[in-house]
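Colleague: I have the model open and want to go through the labels on it. Tell me what each one rests on.

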Amino acid sequence: MGIVAAFMVPHPPMIVPDVGRGSELQIQETINAYDQVAREIADIAPDTIIITSPHTTMYSNYFHISPGQKAVGDFGNFRAPGVSFEEEYDYELVNKLTDKLFEDDFPAGIEGEQDRELDHGTMVPLYFIRKFYKGGKIVRIGLSGLSLIDHYQLGIYIKDAVNELGRKAVFVASGDLSHKLQEYGPYGFAKEGPVYDERIMDVAGRGAFGEMLDFDEEFCDKAAECGHRSFVIMSGAFDGIDVEAKALSHQDVTGVGYGICTFYPKESVGTKDFERCFLDKVMTKLEEEKAKSDGYVKLARASLESYIKIGKRLSVPKDIPDEILKELPAEIFEKRAGAFVSIHKNGELRGCIGTIAPTTSSVAEEIVRNAISASTQDPRFEAITEDELKWLEINVDVLGEPEDIDSKDQLDVKRYGVIVTCGYKRGLLLPDLDGVDDIDTQVSIAMQKGGIRPSDDYTLQRFEVIRHK
């Protein structure tokens, strides 16, 4: 039968009376909406309840699907051990899903479980569901640090696996909204918080699943949202399907946003291929940015594409294509400097390698070599494949001469990069990076990269860069 309904729900432990001990009454509107969701699930009587949770096992580059036949859990960590669960997993559906993922080499599976017990992102929805419906097995799936489009594609795999087995399933996307809605809240206030909540409730309330992919990840981070990736997986599970959406409630009285929405597929055949629309939009943007990029970036791209496609290292300057050569200044072949090449795909880092000081005869040669290294030798990632080339965003940073400084006060995270040195250990961080907003954070990250401890006797240097995009 397929996925016959989906629900976007929050998971504050305090909503459970044994945990909240009266404090849950301040979100009575959310409780009422949750009870409505649970009754609707009971009326459906699904074979399987698929739950995506931000609080189960999570990896930066891999989606974890809970393995085994069953799992237990309770709210003991929230002073309510008497509220407990024993749930049976839909083992057959998990096997079908993981087989499909394995066939396509998609980064998801049942390996690497860190905690077998149910997490509160799973148990809070089950607390309400089990008040009205005792049947149905569950499937529990975690989020990852991968891009939003990867989360969306996982949803498509889930939909296909459910359809192939003929399951009648419901999808429960567990996740709170912004955690920064009020100054008095546990996480304080950020201006992005209320903006995120208003926007996500509008998008969800219209069932505009394609717009789930349009949220900038830096904006989501600043809003301190919890469930967006969970909602995106759910969106992928309805790719190509028109839905009837309804927003039941939204509250922010605790400083954290709690939103509840319902989604039912329409009887008519859907035509909304959100994944293809999004990818077309991304490709158009990438082509526009590629055309606008300067000669330094075009040289880096030509270098890594030549190496990945045909295994050839460009010889400088004779192998540089004429259309790129005419955009390059003479100094790129005359000057020596360190350079970093950074590669992103779908907004996520895909490779970054550079040199602090020059190691070749020119900046051009430095870029050519480091582009190859960033795309094929960054130890954090697998080598970039030819299929990925069209999705890549590339930046080139050319470093100025490092200068010694006496203290962190002489740094500026927007203007200067930093080099921390302790004996033979050295850590470097470029300037003006997303999420690095203060000097202490900048220095701390550079120290971690160099394996330098705060108690070590270290020296600081700063440098400026010219960033090419």
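Colleague: What makes up the lining of the second largest pocket, by class?
Modeller: The lining has eleven nonpolar, five polar and one charged residues. The pocket itself has a volume of about 300 Å³. In total 17 residues line this pocket, and those closest to its centre are Pro12, Pro13, Asp176, His179 and Tyr187. Bear in mind that this is a predicted model.

Colleague: Why is helix α8 called largely enclosed?
Modeller: Count its residues. Helix α8 runs over residues 228-236, and nine of the nine are buried, so the rest of the structure largely encloses it. Among the buried residues are His228, Arg229 and Ser230. Phe231, Val232, Ile233 and Met234 are buried too, as are Ser235 and Gly236.

Colleague: How do you know how many disulfides there are?
Modeller: A search of the whole structure finds zero. A disulfide needs two cysteine sulfur atoms within 2.5 Å.

Colleague: What rules out a bond for Cys226?
Modeller: Distance. Its closest cysteine sulfur is in Cys220, 12 Å away, so the pair is too far apart for a bond. Cys226 also has 15% relative accessibility. The cut-off for buried is under 20%, so Cys226 counts as buried.

Colleague: And what about Cys261?
Modeller: The closest cysteine sulfur to that of Cys261 is in Cys226, at 15 Å, which is too far for a bond. Cys261 has 0% relative accessibility and therefore counts as buried.

Colleague: What makes a set of residues a nonpolar core?
Modeller: Buried nonpolar residues joined through side-chain atoms within 4.5 Å. The largest such core has 58 residues. Ile50, Leu154, Ile158, Phe171, Tyr196 and Phe263 have the most contacts inside it. Helix α5, residues 148-165, gives the most to this core, with nine residues. Apart from it lies another core, of 39 residues, including Ile44, Tyr89, Met123 and Tyr127.

Colleague: Which residues does Phe171 contact, leaving aside neighbours within four places in sequence?
Modeller: Ile3, Ala5, Ala6 and Phe7 are among them.

Colleague: Why is Ser342 called buried?
Modeller: Ser342 has 9% relative accessibility, so it counts as buried. Ser342 sits in strand β11, residues 339-345. Not counting residues up to four places away in sequence, Ser342 touches Gly351, Cys352, Glu393, Ile394, Asn395 and Asp397.

Colleague: Is Ile394 buried or exposed?
Modeller: Buried. The relative accessible area of Ile394 is 5%, against a cut-off of under 20%. Ile394 is in strand β13, residues 392-399. Beyond its neighbours within four places in sequence, Ile394 contacts Val297, Ala300, Arg301 and Leu304, along with Val341, Ser342, Ile343 and Lys469. Ile394 and Val443 are 49 residues apart in sequence, and their C-alpha atoms are 25 Å apart.

Colleague: Where does Trp391 lie, and why is it called buried?
Modeller: Trp391 lies in the loop between α13 (363-376) and β13. Its relative accessible area is 16%, so Trp391 is buried. Leaving aside neighbours within four places in sequence, Trp391 is in contact with Leu279, Val282, Met283, Leu286, His344, Lys345 and Asn346. From Trp391 to Asn77 there are 314 residues in sequence and 43 Å in space, C-alpha to C-alpha.

Colleague: Why is Arg21 called exposed?
Modeller: Exposed means over 50%. Arg21 has a relative accessible area of 53%, so it is exposed. Arg21 lies in the loop between α1 (17-20) and α2 (28-44). Its phi is near 50°, a positive value in a residue other than glycine.

Colleague: What makes Ala224 partly exposed?
Modeller: Ala224 has 22% relative accessibility, so it counts as partly exposed. Ala224 is in the loop between α7 (217-223) and α8. Phi of Ala224 is near 55°, a positive value in a residue other than glycine.

Colleague: What is omega for the cis peptide bond that joins Val316 and Pro317?
Modeller: Omega there is about 0°. Pro317 is in the loop between α10 (295-310) and α11 (322-325).

Methods: Residues numbered from 1 in each chain as written. Predicted model: local features only at pLDDT ≥ 70, side-chain atom pairs only at ≥ 80, totals over all residues. Heavy atoms only, no water. Helix = DSSP H or I, 4+ residues; strand = E, 2+ residues; numbered from the N terminus. Buried < 20%, exposed > 50% of the residue type's maximum accessible area, 1.4 Å probe, protein only. Contact = heavy atoms within 4.5 Å. 1 Å grid on protein atoms, 1.4 Å probe; cavity = no way out; pocket = protein on both sides within 12 Å on 5 of 7 lines; lining within 4 Å. Points joined across faces, edges and corners; volume = space filled by probe spheres on them. Nonpolar A, V, L, I, M, F, W, Y, C, P; charged D, E, K, R; others polar.
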